[in-house]
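Dear colleague,

Please find below the structure I would like to hand over to you.

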Amino acid sequence: MDLLVDGLIQALAWKPLLFAVLGSFLGIVFAAIPGLTVSMGIILLLPFTFHMASVTSMSLLVGVFVGGMTGGSISSILLNIPGNPAAIVTSLDGHPLARQGRAGVALGVAFFSSFLGGLFSLVCLITIAPQLAEFALNFGAPELASLVLLGLCLICGFAQTSMSKALISGLLGLSFSTVGMDPIDSIPRFTFSVVQIQQGVSFLPVMIGLFAVPEIISGMRGSVVSLPDFSTRLRDLLPSPGTLAGLWKTLAQSSLIGTTIGLLPGTGSAVAALLSYNTAQRRSPEPESFGKGKLEGVSAPEAANSAMTGGAMIPMLTLGIPGDPVTAVMLGALTIQGLAPGPLLFESHGGFVFSIFGSFFIALFLTIVIALLGIRLFVQVLRVPPGLLFPSIAVFCVIGAFALQNSFFDVFLMIGFGLLGYFMQKFDYPIMPLLLAIILGPVFEKNARMSLILSDGDPGIFFRKPISLVFLALALLYLVSVFLKRTSFLNRRGPA
Amino acid sequence: MTEESKKIKRNVGRLAVPILLVVFCIWYGSIILELPQGPGTEGPLGPSFVPWVWAALLVVLTLVDIGTDYLGKAQDKAHVAIERKGVFDALTLCLMLVGLALLMQYVGFTAAVIAFLAVSIRWSGIRSWKVILPYVVIFALVVNYVFHHILKVPLPQDWLF
């Protein structure tokens, strides 16, 4: 409890608080504008956190994460264009409400549902994460290698059309992760005498390239959108206590679904939103009214996608395994700050971890205040022509890639990975496995080789350790279940 | 375009990525062969051990991908054809970004960003110079000031600063 209070006090210092406000604001903006994503927002802001104190930088990034989960609903409800994948389901009932002239109520319910879902997941994060981290302290090299292998197998969860494509994307990432000094013998590999990649492929330019450049390419030629008229006055946005009380069941079940989904790496907020919407519809006495402008249809996905944030941070902070693109970027941010997420983080930097929880709590409050008070501004942001917006973002991408090492090599690396990301998307190879593999690859290699060296090359070491065996069994079980699920799905669909 | 030529184009499109992946594996494998062994880690556990595993798995999965595409349920056949315009847009933007990076080194940040934004905004469909010029000049100056002077990012400078 003391740690929690300390964390809150650290997060309430003027600098972290200021950056939390900025983060929440930018998170809403990035999520609200169709074509921009929360991941892209965090990636673009990451280079500017290098010189910040770790608490301040995490306040900014957590603010973007939390703000982003709320902001997606704005364009979903007003334009029927989801600002991010998590808000796709929100548009099903949110936009019909806007067409009925009830955009203000829909936005208000979405903001409050996001807030309550996020709060629920924060409570889970604070309760579960320290226990899990304490347990993970028992892990040695074989257990860590098996755990990372499990994380790598979860890559299949990102498969959109084909499991083999997701795995190929992951293996490409693993191949890129072998560039640079070998983690055991410090022998340079695949460096071609290029000094800039002696320490490996820089994570940040790769991330900017893979996530931001394809979005810029696709978004640049977009057109200006038209918005419905609605009142942006605070009293018209605030849902009545009666409305919220009527939604408590939906909020509770959606928050639980969102947090649980967040715990499972590779699932993502879109799955959480869809699952909670389906559950709300199934349990509703009027399931037929869903899709025609029902407040439960807005509340369920918004509570779930916000609740996912806290859930996704549990494996990222305790085990060093990111659950979704945003937590993968945050993992990179922590690494850049010289902090290695995992069980040791709780022991060596316990105060810092609790300051993240504090920042999360503050970001939740800030987001709802900023969203309610700034809705008029966010509506104006939606009117910015993509032709002006996306080239400007391209400039920020170049600055971001350059700022890491003041090197133009990183800018060219970003452009190269941007092109790769664009073609991967076009050929249905998911990008996320590649990024996850670049992050997790070196950790796996180091621990797997250390284990094998300890056992004189006997791979049995991974099976003799009970925790390692459990992780390997889980990895196998996951692969088999994904394979069976996809096979039954394809059989149901029949030949193309 | 005849049905036959469409079919050939589809098959070439479907094979292009697996062929590229196999070429990548061969190239990657040829470099692995040349990697030196570390002291005391001769044999299978040297620096080439893990890259070998990834290369081998990549080859196997590429073959699986080709197999499922041709012999299996073939869910992805429709996705291989990408629009020529999309490829052109992607390459144009990347070339413009390369131009921006090169120009920044010679003329400095502000002038390079003004040139890049003017060209890219016009290319993206906004035709009015009355809109473009004030926007790009103000944007470049403000961004340079914020990043260089406030955030201390050492952007390449020019005669303007």
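Over all chains, the structure holds six salt bridges.

One of them joins A:Asp182 to A:Arg449, with the closest N and O atoms 2.4 Å apart. A:Asp182 sits in the loop between strand 1 (180-181) and strand 2 (188-189) of chain A, while A:Arg449 belongs to helix 21 (residues 432-454) of chain A, so the pair ties together parts that are 267 residues apart in sequence. A:Asp182 counts as buried, at 1% relative accessibility, and A:Arg449 is buried with a relative accessible area of 0%.

A:Arg449 also meets the side chain of A:Glu445 in a salt bridge (3.1 Å, N to O). These two residues are four apart in helix 21 of chain A, which means that about one helical turn separates them. A:Glu445 is buried as well, at 2% relative accessibility. A network of salt bridges links A:Asp182, A:Arg189, A:Glu445 and A:Arg449.

Elsewhere, A:Lys294 pairs with A:Glu296 in a salt bridge, the closest N and O atoms lying 3.8 Å apart. A:Lys294 has a relative accessible area of 13% and is buried.

As to confidence, chain B has an average pLDDT of 79, and 75% of its residues score at least 70. Among residues 74-80 of chain B, pLDDT stays under 50, and the model has 19 contacts beyond four places in sequence for this stretch. Where pLDDT is low, the predicted coordinates should not be read in detail.

With kind regards

How values were computed
Residues numbered from 1 in each chain as written. Chains lettered and ligands numbered in written order. Predicted model: local features only at pLDDT ≥ 70, side-chain atom pairs only at ≥ 80, totals over all residues. Heavy atoms only, no water. pLDDT = per-residue confidence, 0-100. Contact = heavy atoms within 4.5 Å. Salt bridge = Lys/Arg side-chain N within 4 Å of Asp/Glu carboxyl O. Buried < 20%, exposed > 50% of the residue type's maximum accessible area, 1.4 Å probe, protein only.
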